[in-house]
Amino acid sequence: MKSHVTFRNIVVAALLVMLALVPLYSAWIGNNFALILFTRIVILAIAAVSLNLIMGYGGMVSFGHAAYLGIGAYVVGILAYEGVPSGFLQWPLALVVSGLFALLIGALSLRTRGVYFIMITLAFAQMIYYVAVSLSRYGADDGLTIYRRSQFGGLDLSNKVVFYYVCLALLLLVILIVWRIVNSRFGMVIRGAKSNERRMRAIGFPTFRYRLTCFVISGVICGLSGALLANHTEFVSPADMHWTRSGDLIIMVVLGGMGSLFGPVIGAVAFLLLEEGLARLTEYWQIIFGPLLLAVVLYARGGIDGLLAGGKRG
Amino acid sequence: MHAAESMACLREVNVAEPLLEIENLSKRFGGIVASDNITLSVEKGELHAIIGPNGAGKTTLISQLTGELTPNAGRVRFAGEDITAMQPWRRSLQGLARSFQITSVFLDLTVLDNVALAVQAHAGHSFQFWKNSRKDPSIREPARAALAHVGLSGREDTVVSRMSHGEHRQLEIAMALATKPRMLLLDEPMAGMGPDESARLVKLLKELKNEYTILLIEHDMEAVFALADRISVLVYGRVIASGLPDDIRKDAEVRRAYLGEEKRAKHV
C-alpha cells in the first residue's frame with residue numbers, strides 16, 4: 001500500500017485545517033470579511049464537488065449545473081416568501097426538486113454525447129433561467145429578498161459562525177459521500193462508462209440508468225449548495241443560475257483537478273480567492289485570470305491537485 | 001420409467017440443438033449489402049470459424065450477433081430464444097460474450113479493475129453506493145482467476161494503457177471469460193500479434209475450446225485450420241461454403257475466392 005503521507009495529502013490536510021480556523025481568524029482580526037468570503041467558497045465548493053462527480057468521474061460535462069444551484073436557492077426563497085420558514089421543510093424540498101429537474105434533464109440529455117450533451121444541458125439551464133426571470137410574484141429579474149434564514153429549531157443559522165460550520169460540515173459530508181460512491185460498485189460502473197461505454201454494454205451493463213442516477217445524485221448535491229447559497233446571501237435571483245455561473249463551476253473543477261476527490265475544493269478556494277484578489281488589483285481581473293487558467297489547462301492537466309501529486313495524474 | 005425415458009430423450013434433443021442459429025440475416029448500408037441472407041448455426045461445444053477476405057462483412061455479422069447493429073431482415077436465436085432485437089447488455093447477461101477486433105478495454109483503469117468490471121456486470125445490479133468494490137473478494141477473486149486463465153497473473157495492478165498490444169488481446173479474452181459466458185464471439189483475436197504471441201494464443205484457444213462454444217473470426221489461416229471444428233467462408237456478405245476444415249480446403253470456389261488469392265499474395 002502507498003503511504004498516505006504525501007505532499008499532496010499534507011496540503012489538503014492543511015487546507016482543511018485552514019478552513020476550520022477561518023471563524024477564529026475572523027474573530028481575531030475583528031471583521032467578518034474573511035468569514036463571509038469563505039462561507040461563499042465552502043458553499044460553491046459543494047457545487048463544484050457535485051459537478052466533479054459527473055464530469056470528473058463520469059465524463060458528463062454539464063454546462064448547466066448552475067440550474068440546480070438556482071433551483072435549490074429558489075425553493076428556499078419561495079418557501080420563505082410564502083411563510084414556510086422551517087428548514088426541515090425547505091432543505092429536503094430543495095433537494096427533491098433539484099433531483100426531479102436533474103432526472104428530467106438527464107433523461108433527455110444523456111441520450112446524446114459530447115458537444116450535444118454540453119449544449120442540451122446549457123439549453124435547459126437557460127430555460128430555467130428565463131422561467132426565473134418571468135416569476136413576477138417572486139421579483140422576476142430583480143430577485144427576491146429572504147428576510148429569515150431557514151429555521152432549524154435551536155440551530156441559529158443567522159449566527160454567521162454557526163452557519164459557516166454548518167456549511168463546512170455539509171461539505172465534508174458531501175466529500176465523504178462522493179468518496180464512497182466513486183469507489184463503490186456503482187462508481188466503478190460510472191468510471192467504466194466514462195472510459196469506454198461501448199465496452200460496458202458489451203460486458204453486460206445497461207449504462208444509461210447508472211449514468212442517469214449519477215446525474216440525479218449530482219443535481220441533488222448541487223441543490224443543497226443552492227439552498228445554502230440562498231441562506232448565505234439572504235437573496236435569490238436569476239443571476240444565481242446564469243450560464244456564466246455554470247462556467248465558473250466548470251473552471252473550479254478543471255482548475256482544482258477533475259476526477260480528484262479534493263480537487264474541486266482546491267479549485268473553488270483558488271478560483272474565488274483569485275477572483276477576489278485580482279479584482280482588487282484591477283477591474284479587468286479576467287485579463288490576468290484567463291492566461292492563468294490557460295496555463296493550468298495546457299501544462300497541468302490534472303489541475304492544481306495533479307501538480308501537488310507530482311503530475312502523476314496528468 | 002416411461003417418463004424418465006422421455007426425459008433422457010429430451011436431453012439428447014437439447015444437446016443436438018444448436019446454441020446459436022442465424023437465419024436469413026441481411027444488413028444493408030445504403031447500397032452496400034454487408035450481410036446477404038446469411039444462415040448458419042453453431043452447435044454447442046464446437047468451435048466454428050468464419051473466414052473471408054477483408055470487407056467480407058465478418059465484423060458486421062458479429063455486431064449483429066452482439067446487438068450493436070440491428071439487421072434489416074432475418075433472425076438470431078441464442079439457446080432457443082429469439083434475440084434479434086435484444087439490447088447488447090442483455091445478450092451479455094444471457095451468456096453471449098464478445099472480444100473486439102480493435103482492442104476495446106478501459107485504458108485508464110488497472111488490469112484487475114477491467115476484469116472486475118466484467119465480473120461485476122454479471123453479479124447482480126450495481127446500485128451499491130457505499131461498499132468499496134476494490135475490496136470485495138466476490139468480484140476481485142473471479143477476476144484474478146480469469147486473468148490467470150489467460151496468463152496475465154502478476155499484471156493485476158498495471159494501468160492498461162501501459163501494456164503491450166499482445167497483452168491487450170489477452171485482456172480482451174479475460175474480460176469475455178469473466179462474464180461466465182455460454183458462448184464466445186472472438187473477432188480476430190490474433191490481429192496485430194507477432195508469431196510468438198499468436199502461437200501462445202492458439203494454445204490458449206485450444207484449451208478454451210474444451211470449455212466453451214466459440215464463434216471465431218480470424219485472418220490467420222494456420223490458426224483457423226488448427227482450431228476449427230467447422231468453417232464457414234464469407235465473401236461479399238454471403239456464405240459461399242460451410243463445412244469441415246478438410247472440405248473447405250478442397251472446395252474449389254473457396255480456393256478461387258479466398259485461399260488461392262491468399263497464396264498468390266504470399267508468393268508475390
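## Interface between chains A and B

In the model, 21 residues of chain A are in contact with 28 residues of chain B, contact meaning that the C-beta atoms of two residues, placed from the backbone, lie within 7 Å. This is a predicted model, in which local features need pLDDT of at least 70 and side-chain atom pairs count only at pLDDT 80 or more, while totals for chains, interfaces and linings use all residues. Residues are numbered from 1 along each chain as its sequence is written, and chains are lettered from A and ligands numbered from 1 in the order in which they are written.

On the side of chain A that touches chain B, helix 6 (160-183), helix 7 (185-195) and helix 8 (197-202) of chain A each supply at least two residues. Helices (H or I, at least four residues) and strands (E, at least two) are DSSP runs, numbered from the N terminus. Helix 7 of chain A gives the largest share, 7 residues.

## Sheet of chain B

Chain B has an open sheet of 6 strands in the order 6-7-8-3-9-10, with mixed pairing; two strands pair if DSSP finds at least two bridges between them. Strand 6 (96-99) and strand 10 (238-243) of chain B are the edge strands, each pairing on one side only.

Strand 9 (residues 230-235) of chain B runs antiparallel to strand 10 of chain B, and 5 bridges join them. Opposite Leu234(B) stands Val239(B) in strand 10 of chain B.
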